[in-house]
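Dear colleague,

Please find below the structure that I am handing over to you. After it, I set out what was found, element by element.

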Amino acid sequence: MSKLLRRSNRPRAKRPQDKPLRDRNAPKRERGRLRGALIGLCALLSLLVAAESWASMGEIRPGVKVGNVPVGGMTRQEARALLEEESSGLERIALKRDGRIVARANPGVRTDVGASVERAYSVGRDGGLLERLAGRSARVSGTRVEPTIRYDREAVRNAVENLERDLRREPRNASVSVEGGEVTVSEAQDGYRLDVAATLERLESGIRNLDATVTVSGREIESEISTAEVEQAAKEARAATGGEVILSAGEREWRLSPARIGETIEFPIEDGEPRARLDRAAMWAALSEARAALNVEPVEASYELSGPGVSIVPGRSGRRIEERKLLNALEKGIFEGRRRYEIPVVVVRPDLTTAEARTLRPTTVLGEYKTDYTWDTDPGRRTNMQLASSALSGTTVAPGEVFSYNAVTEPLDYEEAKVIEEGAVAYAEGGGLSQVSSTLFMAANYAGLEIIEAHPHSAELPYIPPGLDTTVWFGALDLRFRNDTEGYILIEQWQGADGYNHARIWGQPTGRRVEIRSEKTHEDTGPKGRRITRYAVSKTITRGDEVLFDGVFRRVTYRELDPYDPENE
C-alpha cells in the first residue's frame with residue numbers, strides 16, 4: 001500500500017497526447033473575413049465607377065486620343081468636329097525635311113469620324129469592371145484608339161517614290177581647275193538619298209495617327225573629296241601660274257604666259273586627294289617653238305655612185321633638247337614659283353659619221369651579173385624593170401644588216417605585164433620584177449653574201465640558166481640576203497641600153513671567190529604530157545687556199561608551162 005502511494009505522488013513526463021487542442025473553426029472565420037473585405041472593395045469600386053460615370057456623363061474619358069488627336073473630356077459632338085477638322089488636313093499631307101515642306105501627298109484618305117468617336121467614347125464604359133477601371137486610368141496614362149480610316153496605299157507609295165526621285169542628289173567632289181591662268185576651286189556638295197521604306201512607314205503611321213505633317217527619312221552622302229582637301233592643290237597651282245616662265249638657251253629666250261602654263265597643269269588623285277602635277281606631254285607641246293629652233297636632226301654620212309666608183313656624202317651632227325632633264329626641272333620648280341630655266345641642249349652625232357663612212361666605204365665590186373631583157377618586147381615589162389632597178393640602185397646595207405628586195409620595191413606603182421601564175425602565163429601588175437630580182441640574186445651569190453631567202457620560179461625562163469632564178473611576190477615571197485662583210489655594201493642596178501639588166505654589189509674586199517654550177521638531174525613527163533625537169537645548183541666559195549663552202553645549195557623542179565590563155569589576163 002505504501003509503494004503505491006509513493007509512486008502516485010511522483011511528477012509525470014509530458015506526452016504528445018497531452019498538447020492543447022487547436023480551434024478547428026479558425027480558417028473558416030479567416031476566409032469569411034477576406035470574402036467580406038473583397039465584397040466591400042468591389043462595392044467601393046462600384047461606387048467609384050458609378051461616381052465617375054455620373055461625373056463624366058456624356059463625355060469621352062479624360063486622356064483618350066484618336067490617333068494622336070486628344071479628345072478626352074469632349075462630348076461626342078465636340079470630338080466629331082475636331083476629328084473632321086484634323087481629317088481634312090490628310091487630303092494634302094505635308095512631307096518635311098529639315099523643317100521645310102518638300103512635297104505634299106494626297107493618299108485619298110477616308111475617315112469614318114462617327115465610328116472613331118464611338119470607339120473613343122466606349123473607353124472606360126464597355127467591358128467588365130476591370131476594363132472599365134482601366135479606361136478610368138486614361139486620365140493618368142492616356143489611351144489611344146485607332147481611327148476608323150481607309151487610304152490608297154498605291155498612291156502613298158507613288159508619292160514617296162516620286163519624292164525620292166525629286167530629292168535624290170549625287171555627291172559632288174570638290175575640284176580645282178585652271179582657266180586662263182586663273183585657279184578656281186569648285187566646292188564639294190554632299191548627296192542625299194531618301195529612305196523609301198522608312199518614309200513610307202512614317203507616312204502610313206502619320207495617316208493612322210491623323211498627322212497632316214510627316215518628316216521624311218533619308219541620309220546625307222558625303223563627297224569623297226572635300227573642299228579643304230583641294231585647297232593645297234589650288235595653292236600649288238596658283239604658285240605655278242603666278243607669272244611668266246622664261247626659258248633660255250644661249251642668247252635666245254622663250255616665254256610661257258600664266259594662261260599657257262595653266263594648260264600644262266593637271267590634278268590627279270593621289271592617296272584620295274588631288275595634287276597639282278605637271279602634264280609633261282602638255283608642257284612639251286607648249287615648248288614647240290623652242291623645240292623647233294633648238295632641235296636639229298643629225299645627217300648620216302652616205303654613199304653615192306660617182307663615175308667609176310663610190311664616193312662619200314658627208315654627214316653632220318645635230319643637237320637636241322634634253323627633254324627629261326628640262327621637264328624634271330620644270331616639274332620641280334614650277335610649283336615652287338621658280339620663273340627662269342636654262343634649256344639643256346646636247347650634241348647628237350649621226351649613226352654613221354663621215355669618218356666612219358670613210359673607214360667602211362665600199363671600194364670594189366664584190367659580185368655582178370646581167371640578164372638579157374630583149375627576149376620580151378612588152379613595154380610594160382620593161383618599164384617595171386626600169387622602176388625597180390632605179391629604186392634598188394644606191395641602196396646601202398650596213399654590216400650585219402639584212403637586205404629585203406620587197407621592202408625597197410613594193411611601194412612603187414607598176415604596169416601590167418606577163419607573169420607566171422599557177423603554172424601558166426598571165427598578166428598582172430609588176431610583171432618583170434622577177435628578172436630584176438634574179439639578176440640581183442646572182443650578183444649577191446657571186447659576192448659571196450649569205451642568202452637568207454630566195455624562191456625559184458615554177459618554170460624555166462629564157463633570160464637565165466635553170467636553177468639561178470628567183471621570184472618575188474609582195475606579201476609572200478621575198479629575196480633577202482645578209483651583209484656579212486666588215487664594211488658597207490652598195491647595190492648598183494640599171495636597165496642598160498645594151499639590152500641587159502645589170503646588178504653589181506660594191507663592198508670592201510673580202511678575198512672571196514665564187515663559182516656556181518647548174519646541173520640537170522632528172523627529166524620526165526608529167527600530167528597532160530608536160531615536161532618536168534630537176535636541177536641541182538652547186539656553189540664553191542674560197543678565200544685564198546681556204547674553202548668556205550663547196551656543195552649543192554639549191555635543188556629546183558620546173559614544170560612546162562600551160563599554153564597561154566587570154567582569159568588569164
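The buried residues of helix 3 are covered by, among others, strand 1 (64-66), strand 2 (69-70), strand 5 (110-111) and helix 4 (113-121). Please keep in mind throughout that this is a predicted model.

Which residues of helix 3 are buried? They are A79, L82, L83 and S87. Seen down the axis of helix 3, these residues fall within an arc of 130 degrees, so they line one face of the helix. Q77 and E85, on the other side of helix 3, are exposed. As to its length, helix 3 comprises residues 76-88, and its 13 residues should span 18 Å at 1.5 Å a residue; the end C-alpha atoms are 18 Å apart, which agrees.

Helix 8 may be read in the same manner. It runs over residues 196-208, and the distance from its first C-alpha to its last is 18 Å, close to the 18 Å expected for 13 residues at 1.5 Å a residue. Its buried residues are T199, L200, L203, E204, G206 and I207. Why do they lie on the same side of helix 8? They cover an arc of only 155 degrees around the axis, which puts them on that same side. On the other side of helix 8, the exposed residues are A197 and E201.

The buried residues of helix 8 pack against two groups of elements. The strands are strand 3 (93-97), strand 4 (100-105), strand 7 (149-150), strand 10 (191-194) and strand 11 (213-215), and the helix is helix 7 (153-167).

Both ends of helix 8 deserve a look. After helix 8 comes L210, whose phi is positive, near 60 degrees.

Three strands form an open sheet in the order 26-30-29, with antiparallel pairing. Strand 26 (402-404) and strand 29 (450-453) are the edge strands, since each pairs on one side only. From one strand to the next, the twist averages 25 degrees. In general, strands of a sheet pair through backbone hydrogen bonds, either parallel or antiparallel.

How many bridges join strand 29 to strand 30? There are three, and strand 30 covers residues 480-482. One of the pairs is E453 with its bridge partner R480 in strand 30. Helix 17 (residues 433-446) lies across strand 26, strand 29 and strand 30, and runs at about 145 degrees to strand 29.

A hairpin is formed by strand 19 and strand 20, with two residues between them. Strand 19 (residues 302-306) and strand 20 (residues 309-313) run antiparallel and are joined by five bridges. S306 has G309 in strand 20 as its bridge partner. In the turn, G307 has a positive phi of about 65 degrees.

Finally, one residue may be considered by itself. E546 belongs to strand 35 (residues 546-559). With 43% relative accessibility, E546 counts as partly exposed. E546 and R512 are 34 residues apart along the chain, and their C-alpha atoms are separated by 9.4 Å.

With kind regards

Note on methods
Residues are numbered from 1 along each chain as its sequence is written. This is a predicted model: local features need pLDDT of at least 70, side-chain atom pairs count only at pLDDT 80 or more; totals for chains, interfaces and linings use all residues. Side-chain values use heavy atoms; hydrogens and water are left out. Helices (H or I, at least four residues) and strands (E, at least two) are DSSP runs, numbered from the N terminus. The expected span of a helix is 1.5 Å times one less than its number of residues. Buried means under 20% relative accessible area, exposed over 50%, partly exposed in between (1.4 Å probe, protein chains only). The arc is that of the directions from the helix axis to the C-beta atoms. Contact means heavy atoms within 4.5 Å. Two strands pair if DSSP finds at least two bridges between them. Axes are lines fitted to C-alpha atoms, for helices over the stretch in contact, and angles run from 0 to 180 degrees between N-to-C directions.
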